[in-house]
Amino acid sequence: MYRKTFTALLVAGLALSSSGLPAEAGNKPTDNPSAHAFDNKVIKKINVDNMYNNIAKLSAQPREAGTEGEYNAVQYIKSQFEQLGYETELQPFTFPEWDGGDSSILLNDQVFDGGVHTFSGSVNGNVTAPLVYVGLGSTEEVSNDVEGKIALIERGSYSFYDKIQHVLDKGAVGVIMFNGDGNTGYQFGSAYEGQDIPAVAISREDGLKLVNRLENENVTATVNVENAGNVDKTSYNVIAKKKPHPNKDTGQITMIGAHHDSVHGGPGANDDASGVSAVLELARIMAKTPTDTELRFVTFGAEEKGLVGSYHYASTLSEEEVEKTVAHFQLDMIGSRDAGDLIMFTPDGEKNLVTDFGAAAGARISEVVEYGQLGRSDHVPFFERGIPAALFIHAPLEPWYHSPDDTLDKISKEKLQEVAEIVGAAVYQIARPDTPALENARVAPGPVDYEYDDRPL
Ligand SMILES: [Zn+2]
């Protein structure tokens with residue numbers, strides 16, 4: 001699950017209507033859940049211990065995209081697919097990553113001995129000028145006096161962008177920012193395009209000392225930032241394909257995806273080793289199950305860097321492949337004992353073929369699954385190419401999302417099992433060889449009524 005892009009929730013009133021199905025089709029066999037025989041061909045074979053063990057292996061080290069940890073995970077996933085007999089491809093791609101280079105500060109020609117961090121997006125430069133304290137850097141606090149000077153700013157109340165822009169507008173030549181009350185460390189800060197003065201961060205303790213010093217003496221500061229900039233990193237998608245039975249080929253493709261990268265320093269047991277474990281387990285089962293649909297099991301890299309791997313993979317699909325792809329199931333964060341219930345998200349908050357099949361499978365196996373609106377994961381690029389796509393996730397999220405505490409001990413086997421069953425049954429309802437191609441099929445059982453849910457993440 002990617003943090004940066006927040007999709008607005010669908011406006012009330014647009015999405016809460018019923019499915020428009022006739023009343024008798026709205027059967028919710030939740031009181032008496034019973035999987036059909038064809039579901040059992042898949043769900044009886046799910047071995048949740050396999051999933052749990054794969055999460056253990058993958059979460060043994062962080063898997064940030066572009067690092068050795070990710071590469072090890074990629075090799076492991078590839079080897080797993082190959083052991084199952086799949087034709088497996090590693091698809092490399094590059095993405096830009098910020099490198100702060102080297103930054104330093106001089107105060108009256110003496111080297112400042114505290115930690116100095118380059119703001120992400122800062123320009124390189126070496127400026128020497130009087131240092132002036134401008135409080136929180138609001139427009140009221142920043143006077144014309146800052147012209148030609150280096151601004152010392154306290155973090156808090158306003159965005160990094162606004163603080164830098166306010167002093168830049170008054171002619172400042174550099175920025176030193178210190179942490180606000182309650183913040184720790186000194187590794188923070190972003191500058192933006194056009195804010196072309198060097199900007200660095202220091203700790204709160206060091207910043208308060210400087211404020212004190214400025215009350216007693218004039219200080220000339222030098223801010224030096226060098227070798228900062230974006231560097232290209234390489235990440236990978238892992239793609240395993242299963243051809244349909246030659247006599248039964250409907251010409252259709254269904255994809256099942258998860259992302260194997262984690263955030264920096266995070267073990268990512270739930271985010272998203274859990275999704276990868278389900279992709280691997282369904283691949284294991286489907287390897288020996290005849291289907292009439294091509295299945296693609298894909299794990300994406302650099303999801304946490306902004307859905308980079310999935311955008312890359314979606315961009316490599318030909319028009320013909322897009323035309324043939326009837327469904328993309330994305331599994332992200334499907335095993336936390338501390339998260340809420342399963343929900344299916346689409347980028348536009350509308351139902352589609354994937355949510356229809358997911359809801360129906362849920363109704364057969366445990367309970368009907370609701371749907372809602374969210375981007376922020378690898379279903380988005382496929383949706384944007386016109387492929388029916390949905391994200392399967394538990395909401396609200398667990399509190400340790402994107403933290404070093406996203407560890408194996410908080411994984412629920414029950415949750416893993418339930419999601420693997422529902423997605424496995426939905427995929428098999430599309431791919432089972434005893435039905436015609438999807439558009440002609442009256443695939444049993446009938447559709448179910450399922451509701452829009454605007455529960456927060
Ligand atoms: Zn995430």
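Predicted model: local features only at pLDDT ≥ 70, side-chain atom pairs only at ≥ 80, totals over all residues.
Student: Why is Asp-271 called buried?

Tutor: The label buried is given under 20% relative accessible area, and Asp-271 has a relative accessibility of 2%, so Asp-271 counts as buried. Asp-271 sits in helix H6, which runs over residues 269–286, and the residues that Asp-271 touches include Met-1, Arg-63, Glu-304, Tyr-401 and His-402, when residues up to four places away in sequence are not counted.

Student: What makes the peptide bond between Asp-271 and Asp-272 a cis bond?

Tutor: The omega angle of the bond that joins Asp-271 and Asp-272 is about 0°, and the bond is cis; Asp-272, like Asp-271, has its place in helix H6. Most peptide bonds are trans. A cis bond is also found from Ala-395 to Pro-396, with omega near -5°, and there Pro-396 lies in the loop between strand E16 (389–395) and helix H11 (413–431).

Student: Which residues line the largest cavity?

Tutor: Asp-271 is one of the residues that line the largest cavity, and among the others are Ser-262, Val-263, Glu-304, His-402 and Asp-406. The structure holds 1 cavity of 30 Å³ or more, and about 40 Å³ of space lies in the largest cavity.

Student: How do you know that Ser-157 is exposed?

Tutor: A residue is called exposed when its relative accessible area is over 50%, and the value for Ser-157 is 68%, so Ser-157 is exposed. Ser-157 is placed in the loop between strand E6 and helix H4 (160–169), and Ser-157 has a positive phi of about 65° although it is not a glycine.

Student: What is the phi of Asn-227, and why is Asn-227 called exposed?

Tutor: The phi of Asn-227 is positive, at about 65°, although Asn-227 is not a glycine. Most residues other than glycine have a negative phi. As for the label, the relative accessible area of Asn-227 is 57%, which is over 50%, and therefore Asn-227 counts as exposed. Asn-227 is found in the loop between strand E9 (220–226) and strand E10.

Student: How do you know that the reach of helix H5 is close to the expected one?

Tutor: Helix H5, residues 204–216, has 13 residues, and at 1.5 Å a residue the expected span is 18 Å, while the helix reaches 19 Å from its first C-alpha to its last, a value close to the expected one.

Student: Which residues of H5 are buried, and what puts them on the same side of the helix?

Tutor: In H5 the buried residues are Arg-204, Asp-206, Gly-207, Leu-210, Val-211 and Leu-214. They cover an arc of only 160° around the axis, and therefore they lie on the same side of H5. The cover over these buried residues includes strand E2 (102–107), strand E5 (125–133) and strand E8 (199–202), whereas the face turned away from the buried side carries the exposed residues Glu-205, Lys-209, Glu-215 and Asn-216.

Student: Where does UniProt place the feature "domain: PA"?

Tutor: The unreviewed UniProt entry places that feature at residues 127–210, and over these residues the chain is 20% helix and 25% strand, with the end C-alpha atoms 18 Å apart.

Definitions and conventions. Residues numbered from 1 in each chain as written. Heavy atoms only, no water. Helix = DSSP H or I, 4+ residues; strand = E, 2+ residues; numbered from the N terminus. Expected span 1.5 Å × (residues − 1). Buried < 20%, exposed > 50% of the residue type's maximum accessible area, 1.4 Å probe, protein only. Arc of directions from axis to C-beta. Contact = heavy atoms within 4.5 Å. UniProt positions renumbered as here; feature names shortened; annotations may be inferred. 1 Å grid on protein atoms, 1.4 Å probe; cavity = no way out; pocket = protein on both sides within 12 Å on 5 of 7 lines; lining within 4 Å. Points joined across faces, edges and corners; volume = space filled by probe spheres on them.
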